[in-house]
Amino acid sequence: MRWWKIIAGLVFAAAICIGLIQTFRTPLIWRAFDRAVARNVVADATQDLPDGLHVYMCGTGSPMPDNQRAEACIGVLAGNQSFIFDAGSGGIHKLGRMGFPMGHVQGAFLTHLHSDHIDGLGQLLMMAWIGQNGFRAEPLPVYGPEGTEIVVGGFNAAYSLDRGYRIAHHGPDIAKPEGYGGRAVEILLPDEPSASKIVYDQDGVRITAIRVNHHSVSPAFGYRIDYKDRSISLSGDTIYHPGFATASEGVDVMFHEALNSEMVTRMADTLSGSGRDVTAKLLRDAMEDHSSPEDAARAASEAGATELIYYHIVPPLPAKALSQIWLGDAKSVFSGKVTLGEDGMLISLPAGSTKIIRSRKF
């Protein structure tokens with residue numbers, strides 16, 4: 001009989017606990033929600049960052065479907081100015097998750113006009129207009145090669161109805177009509193392999209456009225960003241291009257695209273064997289337009305970069321075990337640190353230092 005009394009007491013105590021949990025569960029959930037909002041929505045995610053260059057890797061993938069990587073997108077915070085380089089699909093969402101200061105965006109820079117580098121531009125322009133207390137009073141400058149005016153004009157037209165809805169809903173003090181959309185700034189470089197030109201130079205930030213060789217797309221650019229004593233370069237899409245290495249001389253970090261041709265060839269052969277010849281040809285054509293991991297390492301070595309970080313990674317790498325195969329002999333070509341870029345990485349280069357600090361935002 002004593003054991004039954006103990007069991008009954010335990011059941012009764014459990015019932016009381018369950019009741020208390022149910023009673024306080026909702027308030028506890030709301031408290032957790034409020035804390036998350038304060039931490040992730042209200043707080044300035046950049047306030048604890050040191051003065052310097054900070055690179056937000058928002059899109060390290062390619063047009064190929066990849067559940068881990070968005071299409072090409074890199075955000076850069078230099079002091080209190082921010083810039084976005086390319087706007088591939090999914091990249092702007094990831095910038096938001098990383099706490100990138102969209103309200104301080106000074107300009108967007110396009111490396112070239114392939115769809116996977118521009119198809120998120122409409123969302124970028126919208127977020128720069130009224131996202132994160134931006135309240136822009138003038139269109140966002142969008143720098144890029146010849147044809148950028150057509151692209152920006154197309155996105156402005158495509159979002160014009162949405163513009164009207166938001167002005168009517170939020171009012172012109174928030175959705176300022178004159179701040180809507182983008183303003184194209186086309187960059188003209190000589191048709192020479194080593195051509196480069198400073199295209200932005202304000203408040204200590206200097207951005208240089210560099211002609212690269214994307215084979216089937218011309219013109220195509222890489223960029224170099226200098227702020228105080230720190231610098232980075234990003235290749236855009238290109239085959240190995242000595243002019244990019246020259247223009248990147250002495251950078252702290254080179255961000256370079258790459259494609260592993262053996263992997264892509266195996267994929268194309270498998271597709272051909274399954275009757276998918278068109279997709280196989282698209283893959284084989286892509287090999288003409290991109291650098292190998294070893295070629296990117298060669299560019300970093302010739303530039304004297306401290307670190308090489310890959311992005312625009314082809315093909316997708318669903319398992320980390322594939323990373324070493326993808327890199328091939330790159331580490332024997334470049335003696336500095338080699339990193340395979342991933343969405344959510346934040347690379348910080350504090351001014352007055354040689355440190356390269358890596359962290360994850362998600």
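**Exercise 1. Describe the largest cavity of this predicted model: its volume, its lining and the helices that contribute to it.**

Step 1. The space in the largest cavity amounts to about 50 Å³. The count of cavities of 30 Å³ or more comes to one.

Step 2. The lining of the largest cavity consists of Gly122, Leu125, Met126, Trp129, Phe155, Asn156, Tyr159, Tyr180 and Gly181.

Step 3. H4 and H5 are the elements that give two or more residues to this lining. The largest share, four residues, comes from H4.

Step 4. By class, the lining of the largest cavity has six nonpolar, three polar and no charged residues.

**Exercise 2. Determine how H4 and H5 are oriented to each other, and list the residues through which they meet.**

Step 1. Two packed helices are described by the angle between their axes and the distance between the axes. Helix H4 spans residues 121–130 and helix H5 spans residues 148–158; their packing angle is about 65°, and their axes are 10 Å apart.

Step 2. Angles of 65 to 115 degrees count as roughly perpendicular. H4 and H5 are therefore roughly perpendicular to each other, and their crossing is right-handed.

Step 3. On the H4 side the contact involves Leu121, Gly122 and Leu125, which meet Val151, Val152, Phe155 and Asn156 of H5. The residues of this contact divide into five nonpolar, two polar and no charged.

**Exercise 3. Determine how H4 is oriented to H6, and classify the residues of their contact.**

Step 1. H4 packs with helix H6 (residues 160–170) at an angle of about 20°, and the axes are 13 Å apart.

Step 2. Angles under 35 degrees count as roughly parallel, and the packing angle of about 20° makes H4 roughly parallel to H6. The crossing of H4 and H6 is right-handed.

Step 3. Met126, Trp129 and Ile130 of H4 make the contact with Asp162, Arg163, Arg166, Ile167 and His170 of H6. The contact of H4 with H6 comprises four nonpolar, one polar and three charged residues.

**Exercise 4. Determine how H8 and H9 are oriented to each other, and name the residues in contact.**

Step 1. H8 and H9 pack with their axes 8 Å apart, at an angle of about 165°.

Step 2. Angles over 145 degrees count as roughly antiparallel. H8 and H9 are therefore roughly antiparallel to each other, with a left-handed crossing.

Step 3. From H8, the residues Val264, Met267, Ala268, Asp269, Leu271 and Ser272 meet Asp277, Thr279, Ala280, Leu283 and Arg284 from H9. This contact has six nonpolar, two polar and three charged residues.

**Exercise 5. Characterise the second largest pocket by its volume, its lining and the elements that supply that lining.**

Step 1. The volume of the second largest pocket is about 520 Å³.

Step 2. Its lining has 21 residues, and those nearest its centre are Pro63, Met64, Leu282, Leu283 and Ala286. Leu283 also belongs to the contact of H8 with H9.

Step 3. At least two lining residues come from each of helix H3 (115–118), helix H8 (261–273), helix H9 (277–286) and strand S12 (307–314). H9 provides the largest share of the lining, five residues.

Step 4. The lining of the second largest pocket comprises nine nonpolar, seven polar and five charged residues.

How values were computed: Residues are numbered from 1 along each chain as its sequence is written. This is a predicted model: local features need pLDDT of at least 70, side-chain atom pairs count only at pLDDT 80 or more; totals for chains, interfaces and linings use all residues. Side-chain values use heavy atoms; hydrogens and water are left out. On a 1 Å grid over the protein atoms alone, a cavity is a set of points where a 1.4 Å probe fits but cannot get out, and a pocket is an open set with protein on both sides within 12 Å along at least five of seven lines; lining residues have an atom within 4 Å of a point. Grid points are joined across faces, edges and corners, and a volume is the space filled by probe spheres set on the points. Ala, Val, Leu, Ile, Met, Phe, Trp, Tyr, Cys and Pro count as nonpolar, Asp, Glu, Lys and Arg as charged, and the others, Gly among them, as polar. Axes are lines fitted to C-alpha atoms, for helices over the stretch in contact, and angles run from 0 to 180 degrees between N-to-C directions. A crossing is left-handed if the near helix is turned anticlockwise from the far one by less than a right angle, and right-handed if clockwise. Contact means heavy atoms within 4.5 Å.
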